[in-house]
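I opened this entry to keep a record of what I looked up, in the order in which I looked it up.

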Amino acid sequence: MVPLTALFPMQVAGGGILLVVLLLFVIQIGALVWVYFDAQTNSPHSAVLWTLVVFFGGLLGLLLYVLLGREKQRGRSSHQTQF
């Protein structure tokens with residue numbers, strides 16, 4: 001007979017916690033990759049530096065990058081017409 005824990009391993013003793021930790025890990029890796037490539041094109045500072053800030057700072061580092069690390073991008077709405 002197969003034990004019930006073998007059929008549903010994520011429902012036994014902290015499986016949900018493991019799933020949440022794995023999800024947060026994947027989100028952190030995604031944020032690091034995004035910051036690195038975005039900083040290469042939109043930041044006057046080193047992309048490696050910003051990636052390290054986000055790695056060690058977590059959510060606070062990501063917030064700092066979005067607020068301070070990116071140059072202001074000018075869209076069409078910010079151009080003034082000469083009429």
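**Helix α3, residue by residue**

I began with alanine 47, which lies in helix α3; helices here are DSSP runs of H or I with at least four residues, strands are runs of E with at least two, and both are numbered from the N terminus. The model is a predicted one, in which local features need pLDDT of at least 70 and side-chain atom pairs count only at pLDDT 80 or more, while totals for chains, interfaces and linings use all residues. I kept in mind that residues are numbered from 1 along each chain as its sequence is written, and that side-chain values use heavy atoms, with hydrogens and water left out.

Is alanine 47 buried or exposed? I found alanine 47 to be buried, because its relative accessible area is 10%, where buried means under 20%, exposed over 50% and partly exposed in between, with a 1.4 Å probe and protein chains only. Leaving aside neighbours within four places in sequence, alanine 47 is in contact with Tyr36, Ala39 and Gln40, contact meaning heavy atoms within 4.5 Å. I also looked up glycine 69, 22 residues away along the chain, and noted a C-alpha separation of 9.6 Å from alanine 47.

Next I turned to tryptophan 50, also found in helix α3, which is buried with a relative accessible area of 11%. Which residues does tryptophan 50 contact, leaving aside its neighbours within four places in sequence? I listed Val35, Ala39, Ser43, His45, Leu64, Tyr65, Leu68 and Gly69. Between tryptophan 50 and glutamine 40, ten residues apart in sequence, the C-alpha to C-alpha distance is 9.8 Å.

Threonine 51 is in helix α3 as well, and its 16% relative accessibility makes it count as buried. Not counting residues up to four places away in sequence, I saw that threonine 51 touches Leu32, Val35 and Tyr36.

**Packing of α3 with α4**

Two packed helices are described by the angle between their axes and the distance between the axes. For α3 (residues 47-57) and α4 (residues 59-69) I noted an angle of about 145 degrees and axes 5 Å apart; the axes are lines fitted to C-alpha atoms over the stretch in contact, and angles run from 0 to 180 degrees between N-to-C directions. On the α3 side the contact is made by Trp50, Val53, Val54 and Gly57, and on the α4 side by Leu59, Leu60, Gly61, Leu62, Leu64, Tyr65, Leu68 and Gly69. These residues divide into nine nonpolar, three polar and no charged, with Ala, Val, Leu, Ile, Met, Phe, Trp, Tyr, Cys and Pro counted as nonpolar, Asp, Glu, Lys and Arg as charged, and the others, Gly among them, as polar.

Which residues of α4 are buried? I found Gly61, Tyr65 and Gly69. Seen down the axis of α4, these buried residues fall within an arc of 45 degrees, so they line one face of the helix; the arc is that of the directions from the helix axis to the C-beta atoms. The face of α4 turned away from this buried side carries the exposed residues Leu59, Leu60 and Leu67.

**The whole chain**
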